[in-house]
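Subject: Structure handover

Hi,

Here is the structure I promised to pass on. Please open it alongside this email; my notes follow below.

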Amino acid sequence: MTNPAQPPAEVPAPDAPRPELPRSEAPRGNPGAAAADLREDAMLRARPDRPRTGWRRALYDVTGGRVNPGPSDAEELRSGLLNRVRAPLAGAHRVAVMSVKGGVGKTTVAACLGQALAEHRGDRAVVLDANPDAGTLADRLTGDSRITVRELLNDLDSVGTWTDVSRYTSLAGRLQVLASEQDPASGEAFSRDEYERVVDLLGRFFNIIITDSGTGMVHSTMQGTLARADSVVVVGAPTVDGAGRASKTLDWLVAHGHGDLVRDAVVVLSCDRRSAEVDAARIREHFAQRVRGVVEVPHDPHLATGGRVDPARLRPATADAFLELGALVADAFDVRRRD
């Protein structure tokens, strides 16, 4: 029965507008944004990374991960270098490794830089021996110099696929190696035009192209190397002649219109030879004021043999130095570049 004291409630018509809620009761925020913000990394508590070496790793394993001291400072440093080495890269980046003085480890630096970048990145890397005088790059990496850049040049017009290119290279781990002409008496010098044609072709298939240059700064090939280079690595040593020649290399580059490459360059000091009479810190400071980065590569018995380079046989400090070099080179990658 209806209570006569209370009139029956009115039922709104189906198409009647709904009454407006008071402002304090209206839905707040953006429902779509709230859902998007509820990501996994926002819901989980941060945990220290798992240690990978030493007593920290042993403690982590013994306790089944319940005790996690986290990575050491050395591991953190290495992790940071690896993140830099793996910087994204669009197109091709060409690195010239050079020095006006022979015997300072230029080819070794080119080989180990190539291995460091190729091993820790997911894209393709190639190292090219542009020494016109029977370079030894392939000997140091693969021992295979039967097919050289000369054969590639002869067949250049018929090379159109990755499979075609790979017929002219040998493999050192994940690094592709293109050997130089091995007969210095062949009479066919590696010219600027030929170098540029080869590098332009490689740029279609490789993201990183490292050139092991000859020591002749006025050679035609060097002109092509610098014309195509995006960055340079100058190799010297913490000795009077080694440092002086590296500094003269930078002077020559500036004098010939390559000041931009010098400002962005990396200097490598190969410490196979050093003396207590030489102020190594002063040498490093000199180059640090001229270029973007300086790396010291310590003496390593494996590299000192002059034989095939095996990354697994490098001392940890040597491997870390080349990883640092790779990180400095990768710091110059331009992800906006389009070749």
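Let me start with one cysteine: does C112 count as buried or exposed? C112 has a relative accessibility of 3%, under the 20% cut-off, so it counts as buried. Keep in mind that this is a predicted model.

C271 is another case. Its relative accessibility is 4%, so C271 counts as buried too. As for disulfides, a search of the whole structure turns up zero.

**Overall make-up**

The chain has 339 residues, and 43% of them count as buried. Its secondary structure consists of 15 helices and eight strands. Take the contacts in the chain with a separation of 6 or more: 78% of them come from residues 24 or more positions apart.

**Where two helices cross**

C112 is also part of a helix contact, between α5 and α15. Helix α5 covers residues 106-120, and helix α15 covers residues 316-330. Their axes come within 9 Å and cross at roughly 75°. That angle falls in the 65 to 115 degree range, so α5 is roughly perpendicular to α15.

Which residues meet there? From α5 come V109, C112, L113, A116, L117 and H120. From α15 come F322, L323, L325, G326 and V329. By type, the contact of α5 with α15 divides into nine nonpolar residues, two polar and no charged.

**The core**

In soluble globular proteins, nonpolar side chains tend to be buried together. Here, the largest nonpolar core holds 44 residues. Which of them touch the most other members? They are L113, I210, V233 and L325. Helix α15 supplies the largest share of this core, with eight residues.

L113 deserves a separate look. Set aside its neighbours within four places in sequence. L113 is then in contact with V95, V97, I210, V233, F322, L325, G326 and V329. Among these contacts, F322, L325, G326 and V329 are α15 residues that take part in the meeting with α5.

**One glycine**

G80 lies in helix α4, residues 73-85. Is G80 buried or partly exposed? Its relative accessibility is 29%, so G80 counts as partly exposed. The C-alpha atoms of G80 and E324 are separated by 9.8 Å. Along the chain, these two residues are 244 residues apart.

Best wishes

Technical notes:
Residues numbered from 1 in each chain as written. Predicted model: local features only at pLDDT ≥ 70, side-chain atom pairs only at ≥ 80, totals over all residues. Heavy atoms only, no water. Axes fitted to C-alpha atoms, helices over the stretch in contact; angles between N-to-C directions. Helix = DSSP H or I, 4+ residues; strand = E, 2+ residues; numbered from the N terminus. Parallel < 35°, antiparallel > 145°, perpendicular 65-115°, else oblique. Contact = heavy atoms within 4.5 Å. Nonpolar A, V, L, I, M, F, W, Y, C, P; charged D, E, K, R; others polar. Disulfide = S-S within 2.5 Å. Buried < 20%, exposed > 50% of the residue type's maximum accessible area, 1.4 Å probe, protein only. Core = buried A, V, L, I, M, F, W, Y, C linked by side-chain atoms within 4.5 Å.
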